[in-house]
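Please walk me through this structure, beginning with the metal site and ending with the chain as a whole.

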Amino acid sequence: MAMTGVLRPGHAQIRVLDLEESIKWYTDVMGLLPMGRDKQGRAYFKTRAERDHNSVILRQADQAGIDFFAFKVLDDATLADFERKLQAHGVETKRIPAGELLETGERVRFQIPTGHTIELYAQKTAVGSTIGCHDPEVDVIDGPGIRPIRMDHCLLYGGDIDGNVKLFTEVLGFTLVERVKLEDGQTDLAVWLTCSAKAHDIAFVRHAEDGKLHHLSFQMPSWESVLRAADIMSIKRVSIDIGPTRHGITQGTTIYFFDPSGNRLETFCGGYDHYPDMQHITWSWEHVGRGIFYHDRKLNDAFLSVVT
Ligand SMILES: [Fe+2]
């Protein structure tokens, strides 16, 4: 657990095919709060409970997928320290100026072995949650949209997931929480990593093509709220991939579904706490179906093939 280093997932920039339609969808269906547009036209969102200015950024593009995923670190000195450590590990880094993303300080951007762009940053304007910091009420769940608690994690697909594990554990202070082995019992098909006491903050699946997004996940407060999310998805005619169901891996409850551009999203609840002294969990190939979808006990065709 590195609560003095990398704190948590901070923001994700997602490519969408029709920005205006997507802004309406992320507002009305996801229940995210619109937080403005920048000069490039990008649209910013946060959840009701998140305190920093933004966590989801939408960019109009010809192809869906993820531009970058970012983690917030403790402070500016920590950011500079990780920058040095990444360079010492042989990773090229680039400083993105403060303000390039709305209300966000300098970011250290780098590419990981699976071709994804990851960023670290220390500063983002604290605008507060909808309930505030003084004598707050409970934020009621009923109201428009799914209303997740936070942007929680992502699952990315690419080739060299071993290189990612090395970088995230040896340089960024993450801990390996779970892994799935291929038929040979040696090669990792997938890995789940945490920078906190959550069951995962990022995960990777081995895939022929680099730089792919499997899903961006949002945390829900309860199993009932996951079911409520499924009801909203049906009312709003959202394309559901699978669920509501449970993962054996992390033991969290889940729905996989698609935004209007075909980006897979997840509403996720639960998952055990993980501390760095815990041994990681290993799944063998013959039990991978139960690991991914605990009730169906088999993978659906889309899980390994549909990515953006
Ligand atoms: Fe997930």
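**The iron site and its surroundings**

In this predicted model, an iron ion is held by three residues: His153 and His215, each through NE2, and Glu266 through OE, at 2.1 Å. Along the sequence these donors follow the spacing H-x61-H-x50-E. The two histidines come from distant parts of the chain, 62 residues apart: histidine 153 sits in strand S9 (residues 150-158) and histidine 215 in strand S13 (residues 212-219). Both histidine 153 and histidine 215 are buried.

Phenylalanine 258 belongs to another element, strand S15 (residues 252-258). Beyond its neighbours within four places in sequence, phenylalanine 258 touches Trp25, Val238, Ser239, Asp241, Asn263, Arg264 and Val306.

Now the whole chain. Its secondary structure consists of 6 helices and 17 strands. The radius of gyration is 18 Å, close to the 19 Å that the globule rule gives for 308 residues, so the chain is as compact as a globular protein of that length. Its C-alpha atoms occupy a box of roughly 50 × 45 × 45 Å along the principal axes.

Of the 308 residues, 56% are buried. Among contacts between residues at least 6 apart in sequence, 68% join residues at least 24 apart. The exposed surface comes to about 13,100 Å², with carbon and sulfur atoms supplying 50% of it. The chain carries 34 positive and 43 negative side chains, and the centres of these two sets are 2 Å apart.

Technical notes. Residues are numbered from 1 along each chain as its sequence is written. This is a predicted model: local features need pLDDT of at least 70, side-chain atom pairs count only at pLDDT 80 or more; totals for chains, interfaces and linings use all residues. Side-chain values use heavy atoms; hydrogens and water are left out. Donors are N, O and S atoms within 2.8 Å of the metal (3.2 Å for Na, K and Ca); water is not among the atoms, so sites may look incomplete. Helices (H or I, at least four residues) and strands (E, at least two) are DSSP runs, numbered from the N terminus. Buried means under 20% relative accessible area, exposed over 50%, partly exposed in between (1.4 Å probe, protein chains only). Contact means heavy atoms within 4.5 Å. The radius of gyration is taken over C-alpha atoms; the globule rule is 2.2 Å times the number of residues to the power 0.38. Accessible areas come from the Shrake-Rupley method with a 1.4 Å probe; for residues, only the protein chains shown count as cover. Lys and Arg count as positive and Asp and Glu as negative; His and the chain ends are not counted. The place of a charge is taken as NZ of Lys, CZ of Arg, CG of Asp or CD of Glu.
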